[in-house]
Amino acid sequence: MGAGAGTGRARLSGTARAPFALARGRYRTDGRCAPPPRTLTGRRCLSYCRPVSLWTSLEPAAATVDPGADVTVRLRLRNTGDIVDEYRFEPVGDLAPWTTVEPPALRLYPGTTGTVALAFAPPRGPEAAAGPHPYAVRITPAVRQGAVTVAEGALTVTPFTELRAELVPPTVRGRFRGRPRLAVDNLGNTALTASLTGSDTGDRLHHELSPAGVRIEPGRATFVRVVLKPRDIIWSGAKEERPYTLHVHRAGTEAHPVDGVFVQLGLLPRRLAACLGVTVALTLAFVMLWIGYQPQVRTLATERTDEAAAGLPPAPEPSAPGPAGAKAPSAGPAEVPGTTGDGGRGEGGGAAAGPDPGAGSNGASSGGSGGPAAAPGAGGREAARGPLPFRAGDGPNLFVQFAQVRMKTANASDPCRLTGSVRDGVMDAATVAAIACFQKAGDARYGGVTAATDGAGSLGRSTMTALLMAHFGTDTSAVRPGDENPDVVWLDSVLLWADNVQYDAADVKALEARVRADIGYLRSAADRASATADDGFAQRVASCQRALGLRATGTADAALFAALHAGRVKDQDEAGQVTAGEFPPATVGR
């Protein structure tokens, strides 16, 4: 009543119902005043059915303000009644958090005018949307509390644009391609439309950006997939760094540059190329020597035949008959020692021949072959199988290989970083020492239980959970509900280890696929699949929270991250059993 761009005054007309607050039940349908409540006495009872006696004016009625700045609008009001009253002011509407009224209350005598200042200070951020915004100020009298007046106006927030762009990761490595991602955040208060291009010094890289154009709402972000392909292949030799720049173009403004580095590796490692060169040189030298020197080859069969004939006793005269009953010597083959008369099959090499060096451990051989028994595996021992954990000497398998790659790609300042050469997927001495160091450091930092659960230097459910969680740190913003990014897939892998005790074939297959993808990403920052933190993901998070004794919110919060960093898993005292037939999976190549 009495609010708006101009001026207004309550007046009596007709039955005098219009200027009064009928909604509060003061007037009956015939226009007469209803009896006041019994709680009203004295002057307040006398003023119960009096008309609204307040005149207001906003100067100016419509204002404009820049985000991050402020603007002041004056509210003038006059007490047109016949009693002294005090008016309190309260901002209402969407702009209320950014509005201050000074003074907050004003006391006016009848016929006097007062002024209050309305200060609007919208923040410089996406929450202050560009465009017109209506606002209102509720004016409540102290005496006539039911005669509330609302002054309304309009405030226009000017638009501004601001963006932030960064490469994740800023440096990628590869022989044929690199796959970083460009994150673009809209920090302005209007929708951002931009196109994306790439360039590099010497035009030595081919840039593929998907999508090439983006539209981002205020306060939102988007990820652009980038594929870098070198135009020339480095067959051998040292790696080369190729700096490049991605440009974010907006209409009417200069392009926003984002710098990155692509480290191109040689197709053949330097040591392998040197070994191949030496091998080729030695082969050519041998061929040249063979061609230049032709040895004379002659047979000694005649000489050896003559010598054998000379050593034989003289043959008997054909005319001299032998003794009576004498038989000619048998022309059949002589009996081979160590064989029986049943076609040459023997047991254990025969008694006369002694122990057979080629016999197996059970003392039996077939056909007298004498070959060595088959080894249980190419490395002299069978591949490790469940149950968990993997201990010193186990392997080779995919999960131990992931732990090795994870420790090798740790920060250079990390004392637990795995250096030197190791056997892929095998729990050798260097791998056991690195895992033990990681367990000790993580348990001290997070109050963890990895060493107590799996054993120092062993790789089980608890240590795998902590190793995977090292990807996140303590920031939970990457896996908020509704987000779609590769970190949701990574956290799903953590939940498979932390919220399982029995691993069937489906679990092992899922773990194998994700661990292979994680190894590829750690080695070359390869692009990973994305997933959405939907209701199914929230249910899996809640299940893990219940298993760890946490509040089941379904959201990856700080409490869940702290527990997973500490290596806490379902049924902590259980080592974990595997029912899958093919376990553990084989390693991946380099």
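I began with the surface: the chain exposes about 33300 Å², of which carbon and sulfur atoms supply 54% (accessible areas by the Shrake-Rupley method with a 1.4 Å probe; for residues, only the protein chains shown count as cover). I noted that this is a predicted model, in which local features need pLDDT of at least 70 and side-chain atom pairs count only at pLDDT 80 or more, while totals for chains, interfaces and linings use all residues. Residues are numbered from 1 along each chain as its sequence is written, and side-chain values use heavy atoms, with hydrogens and water left out.

**Overall make-up.** I found eleven helices and 22 strands in the chain (DSSP runs numbered from the N terminus: helices are H or I, at least four residues, and strands are E, at least two). Of the 590 residues, 37% are buried (buried is under 20% relative accessible area, exposed over 50%, partly exposed in between; 1.4 Å probe, protein chains only).

**Helix 7.** I looked up helix 7 (residues 461-469) and found nine of its nine residues buried, so it is largely enclosed by the rest of the structure. Among them are R461, S462 and M464.

**Its packing partners.** I then recorded the helix pairs by axis angle and distance (axes are lines fitted to C-alpha atoms, for helices over the stretch in contact; angles run from 0 to 180 degrees between N-to-C directions). Helix 7 packs with helix 11 (residues 558-565) at an angle of about 125°, the axes being 8 Å apart. The two are therefore oblique to each other (under 35 degrees is roughly parallel, over 145 roughly antiparallel, 65 to 115 roughly perpendicular, the rest oblique). T465, A466 and M469 of helix 7 meet F561, L564 and H565 of helix 11 in this contact (heavy atoms within 4.5 Å).

Helix 5 (residues 429-446) packs with helix 7 at about 75°, with axes 11 Å apart. That makes helix 5 roughly perpendicular to helix 7. Here I435, F438 and Q439 of helix 5 touch T463, A466 and L467 of helix 7.

**T463.** I checked T463 of helix 7 separately; at 0% relative accessibility, T463 counts as buried. Apart from neighbours within four places in sequence, T463 is in contact with I435, F438, Q439, T450, D454 and S458.
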